[in-house]
Amino acid sequence: MSRSSYLQADTIALHSGYQPESDHGSRAVPIYQTTSYVFDDVSQASSLFNVEQGGHIYSRMTNPTVAVLEQRIAALEGGSGAICTASGMSALYMTFTTLCSAGDHIISSAQIYGSTATLLSHTLKRFGISCTFVAINDQDAIKAAIQDNTKIVFCESIGNPGLEVSDLDAICATAHEAGLPVVIDATFATPSLNRPIEHGVNIVVHSVTKWMGGHGVAVGGVVVDGGNFDWKASGRFPELTEPYAPFHGIKFWDEFGPSAVAMRMRAESMRDLGAAMSPNSAFLLLQGIETLSLRMKQHVANAHELMNWLLEQENVSWVNHPDLETNKTHDVATRLFPKGAGSMVCFGVEGGRDAGAAFIDALQLGSNLANVGDSRTLVLHPGSTTHSRLTPEQMAAGGISEDMIRVSVGIEDIKDIKADFANGLRAAKRAAGAS
Amino acid sequence: MELQVNGKLTFAATGGKEFDSSLPTVLFIHGSGMDHRAWALQTRWFAFHGYSVLAPDFPGHSLSEGDAIESIEAMGVWLDDFLSAAGVEKAHVVGHSQGFLSALELAHNHPEKVLSLTGIGTAAAIPVNPALIETAEVVPAKAADMMLQWGFGPAAQYGISAVPGMQPIAIGRQIMANNPLAVDLKACANYEAGAAIAEKLDVPSCLILAGKDRMTPLKAGKALGVALKAQITVLPEFGHMLPVEAPKQSLQALRAFISSL
């Protein structure tokens, strides 16, 4: 059960947002591959444009297949509504630009995905939105970073790739005391392992490309409006509390209350930025979500077995996963992730960068690519790829070392994963010996 | 818009248009624990089609200041004060659930101010289980859950929404859990005058009822309809939260009735 539905999570994943349609009784969610929707008459068209009734106008804003995915994810997270987007990065961009304008300021965890760090430190800066990066579990650091123009505290539920778990209860307490909402990228967690809204988080963002889809065949993002923040009481969000001229001076908070953010995004960002998810992608991502909890159980079980096995290997210099006691946020992970803190494992091999490269190149089953969350096992060297644009200081703050190998542990039989990794470690050992 | 009623700041939604008291006015009254947002998809149509709209939050609810009103009778008095403060002499009055009980009181006290009366998902009396009231006093969110699980019909329970991407249960929960739900429920539970008032009223009336209403069962709604001599529309597949879960169908019945007068 979530705050949006009285069904259990596994039932929500299969059913929420769709009941067999009346014309044909299609049991599966149909793909409404259409750009636009015929109006009954001019009066109905006018009503839709005036938001006098719900419905579809143009697939850049809404689409029936995409809406099923939105309502399903909103129900899984316990949010008041959701907006699906073309990618996880567009979901983040829309979130930041919906809540922030030129002259505003964001506080972000230092330990985040490289492209998000670039968005915050470079791209948004061009539009006058500044960012201070902090160690997100240091509440004093958050307090010290708050300015009069601060609008958001942002973090990832499990930092990428440092695997530091954000202490959501503490972060929310600090932010809310200052009248600030908390925005989280929960991609590494999925609602199957942790529901951030239940810990006070106000906006949840996912790259649904990853574990939510699980198949690695469709790119997409989602923004879930928690509906649990009083934007008026905060006093920092004229975007939501003051009249919005393009919609007859509508005040989103007054009009929509708990769905104010989602409705503003729909009305503004989807219309103006156009980062819409395709209906076909929504259909594919729905297929993945149907089995989310089953897959996450296997992802976590495999990650636990692999991390323990890696710890026993002689040329593995270190292993990191939030469920290991050596992870500095292990206690937080135990509290927030009772089913296990995801399936990302990072480790280093003796011999540094060359040995790491030899490990990755020797893998047969594990795929060397820039993605995470597939059902298949994926590996990457962050220092030379996803986080290569960061400065040495940013890399250190993000918990990234030169020898780090990032593994997104798949749901193959763990014996085969271990055999493949054993082969890679032998190659790494040879490379280390040769250098 | 914001106005002062009995010295307290009161919020009323106006359907996206400036309120104009020279136009025929439609007054929308929310149910227990809810607010003006329950009417988001009815008010805007009327506001854009020749009417002026007022959907107030009762005192102590969402955007209105003040203490929650403790009886339906007093809510009826407050509605009169509200109309006076807004400069409205007569209005079509629409109430959902508990909101309709207070509408009955307004019509009883000031029949000259009521052009028509519409009840949506309602009955002459709305008994409330004491356990629900006790829960609302201690953990409002839990009481809201109990009500919404009963209140929404089957499709909404499966996450079907009239507004793409939204989850009405979560929206309702957030609103109800932060409003004085227990006070409203007690007012409902204690109110017994509805049937007698309905018998005496002589005002054009309409009821829009839900076939799967478990809060104010269809049978009770129909009995009220007989007493009021009301035009009745039944939406068979929906639950008690008609304005939110069946906004299009509710609006269709409502505009057909009001437009016919």
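In the predicted model, the exposed residues Ala256(B), Ser259(B) and Ser260(B) are carried on the face of H12(B) that is turned away from the buried side of this helix. Helix H12 of chain B runs through residues 247-260, and its 14 residues reach 20 Å from the first C-alpha to the last, which is close to the 20 Å expected at 1.5 Å a residue. The buried residues of H12(B) are Pro247(B), Ser250(B), Leu251(B), Ala253(B), Leu254(B) and Phe257(B). In general, an α-helix has 3.6 residues a turn, so residues three or four places apart point the same way. The elements of chain B against which the buried residues of H12(B) pack are helix H1 (40-47) and helix H11 (242-245), together with strand E5 (91-96), strand E6 (114-120), strand E7 (205-210) and strand E8 (231-235).

In chain A, the description turns to domains. Chain A is divided into domain 1, covering residues 9-289, and domain 2, covering residues 293-434, and the centres of these two domains, taken over C-alpha atoms, are separated by 29 Å. To the contact between them, domain 1 of chain A gives 30 residues and domain 2 of chain A gives 38 residues. On the side of domain 1 of chain A that touches domain 2 of chain A, at least two residues each are supplied by helix H1 (9-15), helix H5 (114-126) and helix H8 (190-193) of chain A. The residues of this side of domain 1 of chain A comprise 14 nonpolar, 12 polar and four charged residues.

Note on methods: Residues numbered from 1 in each chain as written. Chains lettered and ligands numbered in written order. Predicted model: local features only at pLDDT ≥ 70, side-chain atom pairs only at ≥ 80, totals over all residues. Helix = DSSP H or I, 4+ residues; strand = E, 2+ residues; numbered from the N terminus. Expected span 1.5 Å × (residues − 1). Buried ≥ 20, exposed ≤ 12 C-beta atoms within 10 Å, placed from the backbone. Contact = placed C-beta atoms within 7 Å. Domains from an automatic or database assignment. Nonpolar A, V, L, I, M, F, W, Y, C, P; charged D, E, K, R; others polar.
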